[in-house]
Amino acid sequence: MKNKILIVEDEVNILELIKFNLEKNGYDVYGVHDGNLAQEAILKERPSLVILDLMLPNKDGLTILREIRETKEIKNTPVIILTARETEFDKVLGLDFGADDYLTKPFSIKELIARIKAILRRLKEVETESDNIIKLDDMEVYQDAFKVYKRGELLNLTLKEYELLLLLVKNKGKVLNRNYLLDTIWGYDYIGETRTVDVHIRHLRQKIEEDDTNPVYIETVRGVGYRFKDQR
Ligand code: CA
């Protein structure tokens, strides 16, 4: 899907120039000329990013930016501020208005596009990262990365311990029996016993539990298997 960008700029020539170049770069672009129309347009179009000029008729850019940050549905929308003069730029920089970036006119379109790409890339990284992290009470399990952190510290888990933990965590609250764990982690053709599972659970507990003789995360369900308990 194309990223949608809203430009709030009263100078028609600049607006058209930005619009033309952004469309050429594959963005869906909308423009408004009047400060009073900005908020409404952002709520309606839900752009991935807003390019906001400071000097606008009826409502100035900083007021618009403040309103964006105070409006629940759109408060996280990235905003690039356009300023006309260095002095204005300094003023904006000196105050924390919550803009994601600033450009002083005249700016190069190439520079603007580079800034837009950087912001959207960062946004995407944050999104995919949070998709891949399972957050527990005091642990974070990074899927794909084979990493588990406990209170910010990386745990030294073997691959099997990691796989076992991930499987239990993904089935939080459910009892998984030993044979299922053995088959899933070690494979059907693995010649071993369910005792293998017990040994790995013991090692895992030593690494993740405060007191492995009194585990709070991995519960033993006698005669069946194990269950990961939700701490939240
Ligand atoms: Ca202006």
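Start with Asn21. Asn21 is buried, because its relative accessible area is 13%, and the limit for buried is under 20%. Keep in mind that this is a predicted model. Asn21 sits in helix α1. Setting aside neighbours within four places in sequence, Asn21 is in contact with Ile109 and Ile113.

Those contacts bring us to the helix pair. Two packed helices are described by the angle between their axes and the distance between the axes. For α1 and helix α5, residues 109–131, the angle is about 60° and the axes are 11 Å apart. The two helices α1 and α5 are therefore oblique to each other. Their crossing is right-handed. On the α1 side, the contact is made by Leu17, Ile18, Asn21 and Leu22, and on the α5 side by Ile109, Leu112, Ile113 and Ile116. By class, the residues of this contact are seven nonpolar, one polar and no charged.

Which peptide bond is cis, with omega near -5°? The bond from Lys105 to Pro106. Pro106 lies in the loop between β5, residues 101–104, and α5.

How are α2 and α3 packed? Their angle is about 25°, and their axes are 10 Å apart. That makes α2 roughly parallel to α3, because angles under 35 degrees count as roughly parallel. The crossing of α2 past α3 is right-handed. From α2, the residues that meet the other helix are Gly35, Ala38, Gln39 and Ile42, and from α3 they are Ile64, Glu67 and Ile68. The class count for the contact of α2 with α3 is four nonpolar, two polar and one charged.

Staying with α2, residues 35–45, this helix also holds Asn36. Buried, exposed or partly exposed? Asn36 is partly exposed, because its relative accessible area is 42%. Not counting residues up to four places away in sequence, Asn36 touches Pro57, Asn58 and Lys59.

Asn58 has a positive phi of about 75°, although it is not a glycine. Asn58 lies in the loop between β3 and α3. Asn58 is exposed, because its relative accessible area of 60% is over 50%.

Which residues supply the protein donors of the calcium ion? They are Asp10 through OD, Asp53 through OD and Met55 through O, lying 2.1 to 2.3 Å from the ion. Along the chain, the donors follow the spacing D-x42-D-x1-M. Asp10 counts as partly exposed, because its relative accessibility is 28%. Met55 is exposed, with a relative accessible area of 51%.

Arg151 has a phi of about 45°, and it is not a glycine either. Where is Arg151? In the loop between β8, residues 147–150, and β9, residues 153–154. Arg151 counts as exposed, because its relative accessibility is 58%.

Last, His200. His200 lies in helix α8, residues 194–208. Is His200 buried or exposed? His200 is buried, because its relative accessible area is 17%. Leaving out residues up to four places away in sequence, His200 touches Lys160, Glu161, Leu164 and Trp186. The C-alpha atoms of His200 and Ile5 are separated by 51 Å, and the two residues are 195 residues apart along the chain.

To close, three items to look up on the screen. The calcium ion has Asp10, Asp53 and Met55 as its protein donors. The cis peptide bond runs from Lys105 to Pro106. The helices α1 and α5 are oblique to each other, whereas α2 is roughly parallel to α3.

How values were computed. Residues numbered from 1 in each chain as written. Predicted model: local features only at pLDDT ≥ 70, side-chain atom pairs only at ≥ 80, totals over all residues. Heavy atoms only, no water. Helix = DSSP H or I, 4+ residues; strand = E, 2+ residues; numbered from the N terminus. Buried < 20%, exposed > 50% of the residue type's maximum accessible area, 1.4 Å probe, protein only. Contact = heavy atoms within 4.5 Å. Donors = N, O, S within 2.8 Å, 3.2 Å for Na, K, Ca; no water. Axes fitted to C-alpha atoms, helices over the stretch in contact; angles between N-to-C directions. Parallel < 35°, antiparallel > 145°, perpendicular 65-115°, else oblique. Left-handed = near helix turned anticlockwise from the far one by under 90°. Nonpolar A, V, L, I, M, F, W, Y, C, P; charged D, E, K, R; others polar.
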